[in-house]
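My entries follow in the order in which I made them.

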Amino acid sequence: MAKKRPQTKAKRPQTTGGARTAGADGDVPVVGAREPCPCGSGRRYKACHGRAASHAATELVHRPFEGLPGECDWVALRELVPAATVELTLKDGLPEGVPAVTLATVLPMAWPALRRDDGSVLIGLQNDTSSGDISRDLADTLQRALEAQPGTPVQGRRAPADSPRLQDLLDPESAFEPAVHSGFEFWVPDSENATPDVTASLERANAAAIPTVKLQGVDAAYWCETPEKNHLRWVMPHAEELLLDALSRLHAAGRSSLGEGTRLVGSFRAHGLTVPVWDLPSGVTAEDVEKPAAEFAERLAAALATEAPLTAEERRARGGLTNRQVTLS
């Protein structure tokens, strides 16, 4: 759950060879940073039109997965879940020779994407991105993977600033249904014939994977097991301030737990969404928290609908929750 590089929202100027960037004087070709700017200003490109292009490539996108089906699960798979896959549906259907496109939390050798021998495509979600706009970089990787030769990995790069994002490529009506795995055997159809590098990478990844289970009764809630205690990490779509108020109301009233021995301990902030976290006793399984989580969802809905100002006790509870909030992205 290490902190990721910030997500960024790129504007229109492009940053790849042959691209052009718009400025007050019209379209200006992209050149080397130290070369004279083609606009004729007499300044170096990096101090002239290149400055706008650089700024556009680093402006933050706080919710890169907003508008995608299953936004909360996208965040969970990016930040919290070790091994999971999701079958993706493209707006325009699968190209000829591509039987499937699958999103995976990570791929062997930390590849951004892989075109398998059978033509299917695997896209890695947890890789660092170059531009900071995860959605745009993943879309660029996906497009290049669809055109790659079967049996080859796809390397990462900074996506052109005006290239499509995932929201442009994926079917907005399709379901987003993660399958959580105990290990990374999904990397290779035939693990016995994998290369030594892939086999070693698989063994290392399996050894480091934290056992994780997705709850079935509520959305985007993931139980995980650690040596000292278990946890439930629940990605929620509500506005942060509204959610923290609601959690504070429940916490002050002693209604924020998920059963005996459990405790709401704080939250993460990830990709524009808030992720409350509960500590669970080691013996509490994912199945054990299914019913308490569903009951908590009902209490939370009522608290979210409450418009009364916070009481002094609720404000104290809110301060405690805010102090224990950690930003992952």
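**Notebook: a residue, a sheet, a helix**

I began with Thr274 and listed its contacts (heavy atoms within 4.5 Å): leaving aside residues up to four places away in sequence, Thr274 touches Trp234, Val235, Met236, Glu240, Leu243, Ser267, Phe268 and Gln325. The model is predicted, so I note that local features need pLDDT of at least 70, side-chain atom pairs count only at pLDDT 80 or more, and totals for chains, interfaces and linings use all residues. Residues are numbered from 1 along each chain as its sequence is written, and side-chain values use heavy atoms, with hydrogens and water left out.

I placed Thr274 in strand β13, residues 273-280. Helices (H or I, at least four residues) and strands (E, at least two) are DSSP runs, numbered from the N terminus. Is Thr274 buried or exposed? Thr274 counts as buried because its relative accessibility is 1%. The cut-offs are under 20% relative accessible area for buried and over 50% for exposed, with partly exposed in between (1.4 Å probe, protein chains only).

Next I traced the sheet. I found 6 strands in an open sheet, ordered β9-β10-β11-β13-β12-β14, with mixed pairing. β9 (212-214) and β14 (325-327) stand at the edges with a single partner strand each, so one side of each has no neighbour in the sheet. On average, neighbouring strands here are turned by 25° against each other, direction ignored.

I then went through the pairs; two strands pair if DSSP finds at least two bridges between them.

- β9 pairs with β10 (residues 221-225) in the antiparallel sense over 3 bridges, and Thr212 stands opposite Cys224 in β10.
- β10 pairs with β11 in the antiparallel sense over 5 bridges; a hairpin of 4 residues joins β10 to β11, and Tyr222 stands opposite Arg233 in β11.
- β11 and β13 run antiparallel, joined by 4 bridges, and Arg233 stands opposite Val277 in β13.

How many residues of β11 are buried? I counted 5 of its 5.

Helix α2 (residues 71-79) is mostly covered, with 9 of its 9 residues buried, including Trp74 and Arg78.

Definitions and conventions: Axes are lines fitted to C-alpha atoms, for helices over the stretch in contact, and angles run from 0 to 180 degrees between N-to-C directions.
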